[in-house]
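Colleague: Hi, I'm new to this one. Could you walk me through it?

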Amino acid sequence: MSLTGTPFFVLLIVATVFCVVGTMVLWSLLRGPRSLRWVLRLLMIGCCQLTAISVVATWINNSYGLYASWDDLLGRDNSTGTVAMPGPPPDRAKFTRGDTGLMDTYFRGAHSKLSGEVVVWTPPQYDSPQYRNTRFPVVMLLHGVPGSPASWIEHGGIPKDFQQLVNQGTVHPFILAMPVVDPGGIDTDCTDVPDRKVATWMARDVPELISRKFRTLPGAHGWGLMGYSTGGFCAARLPLVYPSVFAAGVALDPDPLTGDKGVIKDPALRERTSPTGLVRHSTAGVSLFLATSAQDRLSPPSYIQQFVRAAAGTRVQTQTLVLPSGGHNYNTWTRMYPDAFGFLSHRLDAPHTTRAKAPR
């Protein structure tokens with residue numbers, strides 16, 4: 001019986017009621033020496049307290065996801081299977097709005113069993129009365145490693161820089177979602193590996209959560225990705241693997257698009273899972289924007305040029321940008337925003353009304 005399942009929780013409630021009722025009925029019916037009667041009564045009281053505490057503890061665990069399984073609770077090694085991280089399930093995930101208008105939550109994905117933070121920003125139009133029946137496209141912003149979703153806010157000028165582009169009329173409004181790209185601090189280059197399904201977390205769990213909680217456009221042309229460094233690698237990779245989820249991706253100063261030897265050590269697996277390896281055999285009709293600067297030693301133009309050559313003759317559409325100057329830093333990436341968000345605005349649908357019932 002699952003630790004976090006409803007049957008176990010119901011069983012504890014029934015046991016608690018049974019203990020309380022049994023204690024009330026048997027309290028005055030006990031027979032025997034006085035000392036024995038007191039010992040039995042203390043045992044009955046202890047059973048009532050134990051079951052009641054178990055109900056409360058299980059409710060707290062189910063709400064906050066402190067332990068994901070019996071193995072997790074008992075500290076048993078389960079490394080032979082998929083890692084199951086603690087965290088509240090999607091239906092219990094609650095977004096908390098901060099003073100800046102950003103909302104964040106922490107949850108455990110139903111498919112990957114991984115947990116992590118997701119920060120969301122909605123454009124001003126989202127809460128305007130005239131847009132109450134409008135659904136919005138989503139751009140998932142993917143941070144580098146090391147890094148976190150907060151990196152976009154603290155160093156990347158999000159959402160202020162993006163809102164300025166919307167105000168200028170050069171891009172249309174998006175919901176911006178910033179998930180952690182390395183749940184538990186383990187980087188897999190957004191790839192599913194035997195015990196850690198990070199690609200599933202990014203392409204299934206996070207989009208399903210955002211779609212559940214916000215008015216989002218359905219279909220791949222309502223969803224795009226933009227990332228820098230490792231996040232840029234992910235933004236190039238995920239549309240190739242999940243074209244039915246993401247129609248477009250923007251890779252700013254991406255890590256080597258042939259794969260990182262320090263992350264995916266198996267050469268054959270790295271070839272199969274890297275963007276350059278994937279695009280050679282891709283039949284996906286997705287669009288990718290790849291950008292760097294001529295001075296970036298960590299992400300030189302040759303990475304992008306090699307990828308574009310591999311994509312030639314496929315249905316993958318590529319657009320590139322090479323700035324004449326700039327390093328592997330936020331000053332360079334923010335200078336790419338107008339072209340990057342403009343690319344996504346042309347490849348993804350604008351906000352519009354659909355027949356599907358939308359969350360409030």
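Colleague: Let me start with a cysteine: is Cys47 buried, exposed or partly exposed?

Modeller: Cys47 counts as partly exposed, at 40% relative accessibility. Here buried means under 20% relative accessible area, exposed means over 50%, and partly exposed is in between (1.4 Å probe, protein chains only). Before we go on, this is a predicted model: local features need pLDDT of at least 70, side-chain atom pairs count only at pLDDT 80 or more, and totals for chains, interfaces and linings use all residues. Residues are numbered from 1 along each chain as its sequence is written, and side-chain values use heavy atoms, with hydrogens and water left out.

Colleague: How many disulfides does a search of the whole structure find?

Modeller: The search finds 1. The disulfide joins Cys190 to Cys234, with an S to S distance of 2.1 Å. Cys190 lies in the loop between E6 and strand E7 (192–193) and Cys234 in helix H7, so the pair ties together parts that are 44 residues apart in sequence. Helices (H or I, at least four residues) and strands (E, at least two) are DSSP runs, numbered from the N terminus.

Colleague: And what is the handedness of the link of Cys190 and Cys234?

Modeller: The link is right-handed, with 90 degrees about the S-S bond. Both Cys190 and Cys234 are buried.

Colleague: Switching to the inside: which residues touch the most other members of the largest nonpolar core?

Modeller: They are Val120, Met140, Leu142, Met202, Ile210, Leu238 and Phe246, in a core of 35 residues. By nonpolar core I mean a set of buried Ala, Val, Leu, Ile, Met, Phe, Trp, Tyr and Cys residues joined through side-chain atoms within 4.5 Å. Among the elements that supply at least two residues each are strand E3 (115–121), strand E5 (138–142) and helix H6 (198–213).

Colleague: Which element gives the most to this core?

Modeller: H6 does, with 8 residues. Apart from this core lies another, of 33 residues, including Ile158 and Tyr228. As background, nonpolar side chains in soluble globular proteins tend to be buried together.

Colleague: What is Ile210 in contact with?

Modeller: Leaving aside neighbours within four places in sequence, Ile210 is in contact with Phe95, Val118, Val120, Val138, Ala177, Thr216 and Trp223. Contact means heavy atoms within 4.5 Å.

Colleague: Now a loop residue: where is Gln125?

Modeller: Gln125 sits in the loop between E3 and strand E4 (134–135). Gln125 is buried, with a relative accessible area of 17%. With neighbours within four places in sequence left aside, Gln125 is in contact with Tyr131, Phe136, Val166 and Pro173.

Colleague: Last topic, charges. How many salt bridges does a search of the whole structure find?

Modeller: Again the search finds 1. A salt bridge is a side-chain nitrogen of Lys or Arg within 4 Å of a carboxyl oxygen of Asp or Glu. Arg280 pairs with Glu271, the closest N and O atoms being 3.5 Å apart. Arg280 is partly exposed at 41% relative accessibility, and Glu271 is partly exposed with a relative accessible area of 40%.

Note on methods:
A disulfide is a pair of cysteine sulfur atoms within 2.5 Å.
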